[in-house]
Each structure stands twice: as structure tokens, then as C-alpha cells.
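Below are some numbered comments on the model, set down for a colleague who will want to check them against the coordinates. They begin with one site and then widen to the chains.

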Amino acid sequence: MKITTSEIEYVAHLARLSFDPSEIESFTRQLNDILVYVSKLEELDTSRVKPTTHALQLTNALRKDEVRPSLPVEKILSNAPEREEGRFVVPKII
Amino acid sequence: MPILIDLSIHELHDILSRRDVSAVEITKAYLNRIDEVDPKIRAYLTVTADKALAQAEDADRRLKKADAVTPLTGIPMGIKDVICTKGVRTTCGSKILENFVPPYNATIMEKLEAHGAIMLGKLNMDEFAMGSSTENSAYHPTHNPWDIERTPGGSSGGSAASVASRTCAGSLGSDTGGSIRQPASYCGVVGLKPTYGRVSRFGLVAFASSLDQIGPISRDVTDCALLLNAISGHDYRDSTSVSRNMPDYTDSLTPGLKNYTLGIPKEYFISGLDPDVEKSVKHAISALESHGAEVVEVSLPHTEYAVATYYIIAPAEASSNLFRYDGVKYGLRVSDYKNLMDMYIKTRSQGFGPEVKRRIMIGTYSLSAGYYSAYYKKASQVRTLITRDFKKAFEKCDVLAAPVAPTAAFRLGEKIDNPLQMYLSDIFTIPVNLAGIPGISVPCGLTSKGLPIGLQLMAGHFEEAKLLTVAYNMELALGRCEKWPIP
């Protein structure tokens with residue numbers, strides 16, 4: 001097995017997700033299948049190959065530092081589950 | 001009077017320009033068509049009838065004064081629900097965005113509005129564009145108009161099924177690993193993924209940012225060129241969009257393929273390729289040869305590694321992009337939680353469907369401490385090898401020709417319980433996204449069961465014009481699809 005149930009639980013926490021026990025089991029199996037499949041890449045020697053993070057050779061997409069109109073606060077907040085006095089509201093942290 | 005819904009965009013433009021028909025009449029014909037057939041096909045998530053009719057009245061005013069009329073003025077379109085539309089709900093096929101109403105338009109929506117195009121509504125898709133069958137939509141699956149027991153493909157299944165069932169004149173989709181080309185192929189319509197950077201992604205909800213690209217789905221190649229003209233170009237709000245001269249893509253719709261070399265990648269004709277698909281694709285290639293193209297065999301040796309590469313890179317980028325759905329700024333927030341962490345976890349666990357969770361998990365795992373080199377870095381290196389394969393191939397040919405998918409449309413439910421099998425249906429479309437090159441799917445025949453088959457054409461960066469020339473010649477050689485899947 002490439003990945004264990006306890007690793008799945010750890011990764012779920014990193015991803016801010018939770019699963020019930022039957023889901024954990026099926027996710028472990030499915031993720032394991034996928035990880036076994038992708039380990040196919042180990043067949044290739046890439047020690048001298050530069051990684052590609054972007055399909056085009058773009059560098060420094062600069063633009064003029066100009067003030068442009070932006071959306072009003074009320075519009076931005078209009079989709080927020082909870083808002084108050086021009087701010088997003090979150091559960092108490094401290 | 002022709003049947004309005006049977007006409008292509010350029011044919012509609014001709015009769016609109018002559019004032020034989022109004023944009024309101026065309027829009028009403030489409031709204032009736034949606035009422036009539038969409039309950040069976042389910043391509044739409046939202047129909048914006050009132051907005052469409054108001055836009056049609058505006059278009060008619062422009063047409064009457066012959067003021068700023070373009071080939072898209074008065075043309076009713078459908079938009080994949082991953083593209084932000086100001087004031088119109090944009091769900092991405094997800095419950096987490098069920099009530100999300102964007103306060104702004106994607107750049108391409110501004111462009112379409114400037115043309116006077118009409119939006120009929122928002123089209124169904126796999127949740128966050130993750131899937132190959134539209135079965136991962138949190139709302140309902142979409143059905144293939146050629147056989148309603150089958151999938152229209154995905155993730156832009158609604159965009160392809162709506163064009164094929166004539167519930168819009170043309171549509172926009174997005175393609176991260178084949179999500180425009182594969183459904184276009186399954187539904188017998190034309191679908192183009194432009195070069196990465198050709199079309200602005202501003203307002204396209206992000207899945208895998210280094211791979212995503214918006215593109216058109218249409219009845220024929222001429223419509224494809226018209227739509228590409230309208231949506232291409234640099235945008236200061238998308239720093240990965242490219243400023244580069246934009247040709248008029250309709251100039252590339254010329255007969256004859258003299259001086260064109262067509263490369264046939266041998267790795268795309270493997271065991272597992274459906275014999276009907278192989279026969280049709282080879283027939284299309286010989287038709288192109290008879291129109292003057294020279295045909296050579298080429299090799300893309302790393303093709304077999306593309307799916308593995310993609311299923312590391314795309315989930316890694318997705319896991320990062322989808323962290324924004326945390327129940328704070330927009331989207332779902334569960335009502336019952338103990339504290340902030342609990343709110344995050346419950347909101348995300350209830351809001352996302354299984355495939356999205358699967359990909360977030362793969363991505364989070366591959367980016368987590370200790371695994372970066374083995375997975376993400378390795379995949380990014382193989383991505384370089386796949387890109388080099390294409391560069392080498394394009395030294396020998398102008399355009400590559402191959403199948404879009406190993407089979408025609410599969411049955412709904414057939415692959416939903418086996419994620420890896422589903423991923424492998426994208427084997428021929430994924431390499432194009434990894435290399436950032438353009439690709440198009442053009443209908444090239446039917447299987448013995450009467451299901452559409454697509455020919456995929458691929459070209460170098462920013463060579464969409466070449467794709468359109470070859471695709472146009474294929475349409476001339478084989479004829480446009482005259483049989484409609486449902487009357």
C-alpha cells in the first residue's frame with residue numbers, strides 16, 4: 001500500500017476535510033490505486049530535466065502602476081455568509 | 001423561412017443582417033427549444049430568459065441602425081457555469097457555490113456583451129470541471145443527445161450537449177485536460193482549446209491554473225473561428241494572457257492543404273482504441289491527404305506518461321485553488337459548528353462532492369512535506385519531456401492528427417465508481433494541456449451504433465489558424481453533420 005488509513009486521516013486534516021469511517025476506507029483504496037498508477041513516472045530518469053511550471057516562456061508580466069476602479073465594498077460582501085459594518089464575520093478565534 | 005434553431009451562427013448572422021428575422025424571434029425560438037428538449041437533455045443549470053430577451057431587444061436596435069454590428073450580434077449562446085456572469089448565479093456545478101452570484105463579469109463575458117451576443121443561460125458541468133462525463137455535477141447529470149442513456153462527456157458536457165441538441169447557437173466551455181474536446185467529440189460538434197494564454201482567464205473559476213483555458217463549442221468550423229475571434233486577446237487582469245498579434249481567424253478558412261504536412265503520432269493508435277474510432281479517424285486523415293496534405297508518421301514517446309503527470313499536477317493546483325472555499329467570503333457556510341476550524345471542515349466536507357474531495361486529497365498529499373520531490377517536481381519534469389516531444393514533432397509537420405478519445409460516448413454510470421478508468425478516457429487530450437498548445441475536435445464520422453467520433457488536430461503554440469485551416473478542409477471533405485441527433 002502506498003498510503004495508509006492513518007495517513008489519509010492526516011491529509012484530510014491538512015485539507016480541512018473530514019470523512020466517516022466507510023468513506024475513509026474507500027478513499028484509501030481509491031487514492032492508493034491512483035498513487036500506484038502515477039508511480040509509473042519513476043520509470044523515467046529525469047535527473048537532468050528542468051521542471052515546467054508554466055507552458056509558455058513568460059517573464060515579468062508588468063503593467064503600469066495605475067489606480068483603476070475596483071468593486072465597492074458592499075458588492076464584495078454581498079455573497080458573504082455573514083457580514084457586519086463592511087466586514088466579513090468569522091467565528092470567534094481568540 | 002428556415003428553421004431558426006437549425007442554423008449556424010454565420011447563417012443566423014446573414015439573415016439578421018438582411019433583417020429577415022429579429023434577434024428577439026431567434027431568442028424566442030431557442031427559449032422554446034429549451035422548454036421542449038432540455039427536460040430530457042438537462043444541459044442547463046440556469047436559464048436566463050428575461051435577460052436574454054432584453055439583450056435581444058438591444059441587439060435588434062443595433063442591427064436596425066447597423067451600429068457596431070459584428071458576426072455575434074443577436075446570437076444566442078450558452079455559457080459553462082464555471083464562468084462568472086454578473087448578477088447571474090454561477091455554481092461551478094457545486095453545492096458549495098449554490099447561491100453564488102458574481103458581482104462582476106469574466107472578461108470574455110464583457111467581450112461577448114460588447115459584441116451584442118445574447119446569453120440564454122448557464123450550462124451544466126462536472127463539479128469544478130473535474131470529470132469526464134458531467135456525472136460529477138452536484139445537480140444532475142446531462143444526457144447525450146445522440147443517445148440519452150449515454151454521457152455527453154465532460155467536464156463541459158452541458159456546453160456540448162446544448163449545441164448538439166440545438167438549445168443554443170454556440171457555447172463556451174473550459175478545458176483543463178480535454179474538457180472541451182472530449183465532450184465535443186462525444187456530441188458531434190466542434191470544440192477548440194486555444195493556446196494557454198490566448199484567452200483571458202479572468203473570471204474563470206480556477207481549477208488548475210497552469211492548464212485551464214476557455215474555448216468555443218460550435219456547430220461548424222466557421223462558427224468556431226468567429227467565436228475565437230471574439231474571445232481572444234490580452235487582458236491586463238490576467239497576467240498569464242499573452243499580448244501578441246491576433247489574426248482574423250476567418251482568414252484561415254481556405255480550401256486546399258498544399259504545403260501542409262500532417263503528422264500522425266503513432267502512440268495515439270494503440271490497443272484499446274475502438275476499431276470504429278480508428279477507422280473513422282484514418283478515413284478523415286486520407287480525406288485530408290486527398291485535399292493536398294502530405295502525411296508523415298511522427299512519435300510522441302512520452303504519451304503514456306501524460307495521464308500520470310496530469311493527475312499529479314492538476315490535483316496539486318486544484319487543492320491550492322480550492323482552499324478559498326472556507327465559508328467566509330462567499331459560498332456555503334454550515335449553520336452548526338463549534339469553532340472556526342470546525343466551521344471550515346464541516347463547510348468543505350458538506351459543500352464538495354466526492355470527486356472534488358478525491359482530487360483535493362491527492363493534491364494535498366502530493367504537496368505535503370516529504371512528498372514534493374517524488375510527486376509534484378517529478379511530474380513537472382515529465383511535463384518538460386512531453387512538451388519537448390511536441391516541439392520535435394512540429395519540426396516535421398504543421399498539424400498533428402489523432403483521435404480525441406479512445407472510444408465514443410460511454411454509458412452513464414459505466415465509469416462513475418472507478419475514478420482511474422474515468423481518468424484514462426482523457427489519455428489523448430491531456431498532453432495538449434500539459435504542453436499548452438491548441439487542439440480542436442472536429443466530427444469525422446459515426447460508430448456502427450450511430451455515435452459521433454471526433455478527429456483531434458493539434459498545432460504549436462499560437463497556431464490556431466493552422467488548426468482551423470485543416471479542420472475547415474476536413475469539413476469540406478466529409479461534409480457538415482446534416483443529421484441532427486434529436487428532431
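1. V205(B) is placed in the loop between β5 (190-193) and β6 (214-218) of chain B. Since the model is a predicted one, this placement, like everything that follows, should be read as a computed property of that model.

2. Is V205(B) buried or exposed? A residue is taken as buried when 20 or more other C-beta atoms lie within 10 Å of its own, and V205(B) has 25 other C-beta atoms within 10 Å, so V205(B) is buried.

3. Which residues does V205(B) contact once its neighbours within four places in sequence are left aside? They are V82(B), C84(B) and C92(B). For C92(B), the separation from V205(B) is 113 residues in sequence, whereas the C-alpha to C-alpha distance between the two is 7.6 Å.

4. That pair can be set beside a figure for the whole chain: among the contacts in chain B with a separation of 6 or more, 76% are between residues 24 or more positions apart. Of the 487 residues in chain B, 61% are buried.

5. Chain B contains 15 helices and 11 strands. Its radius of gyration is 21 Å, close to the 23 Å that the globule rule gives for 487 residues, so chain B is as compact as a globular protein of that length. The C-alpha trace of chain B spans about 65 × 55 × 45 Å along its principal axes.

6. The sheet of chain B deserves a point of its own. It is an open sheet of 11 strands with mixed pairing, in the order β1-β3-β2-β4-β6-β5-β10-β11-β9-β7-β8 (chain B). At the edges stand β1 (44-47) and β8 (294-298) of chain B, and each has a single partner strand, so one side of each is left without a neighbour in the sheet. On average, and with direction ignored, neighbouring strands of this sheet are turned by 30 degrees against each other.

7. Within that sheet, strand β7 (residues 261-265) of chain B and strand β9 (residues 399-403) of chain B run parallel and are joined by two bridges. Here L262(B) stands opposite V399(B), a residue of β9(B).

8. The domain assignment divides chain B into domain 1 (4-252 + 473-478) and domain 2 (304-378), and the C-alpha centres of these two domains of chain B lie 28 Å apart. In the contact between them, 20 residues of domain 1 of chain B meet 17 residues of domain 2 of chain B. On the domain 1 side, the residues that touch domain 2 of chain B divide into 10 nonpolar, seven polar and three charged.

9. Turning to chain A, its secondary structure comes to three helices and two strands, which run α-α-α-β-β from the N terminus on. Chain A has a radius of gyration of 23 Å, whereas a compact globule of 94 residues would have one near 12 Å, and the C-alpha trace of chain A spans about 50 × 45 × 25 Å along its principal axes. Of the 94 residues of chain A, 15% count as buried.

10. How many residues of chain A are in contact with chain B? There are 40, and they are in contact with 53 residues of chain B. The helices α1 (5-14), α2 (21-38) and α3 (73-77) of chain A each supply at least two residues of the side that touches chain B, and α2(A) gives the most, with seven residues. By class, this side of chain A has 26 nonpolar, eight polar and six charged residues.

Conventions. Residues are numbered from 1 along each chain as its sequence is written. Chains are lettered from A and ligands numbered from 1 in the order in which they are written. This is a predicted model: local features need pLDDT of at least 70, side-chain atom pairs count only at pLDDT 80 or more; totals for chains, interfaces and linings use all residues. Helices (H or I, at least four residues) and strands (E, at least two) are DSSP runs, numbered from the N terminus. The radius of gyration is taken over C-alpha atoms; the globule rule is 2.2 Å times the number of residues to the power 0.38. A residue is buried if 20 or more other C-beta atoms lie within 10 Å of its own, exposed if 12 or fewer, and partly exposed in between; C-beta atoms are placed from the backbone. Two residues are in contact if their C-beta atoms, placed from the backbone, lie within 7 Å. Ala, Val, Leu, Ile, Met, Phe, Trp, Tyr, Cys and Pro count as nonpolar, Asp, Glu, Lys and Arg as charged, and the others, Gly among them, as polar. Two strands pair if DSSP finds at least two bridges between them. Axes are lines fitted to C-alpha atoms, for helices over the stretch in contact, and angles run from 0 to 180 degrees between N-to-C directions. Domain bounds come from an automatic or database domain assignment.
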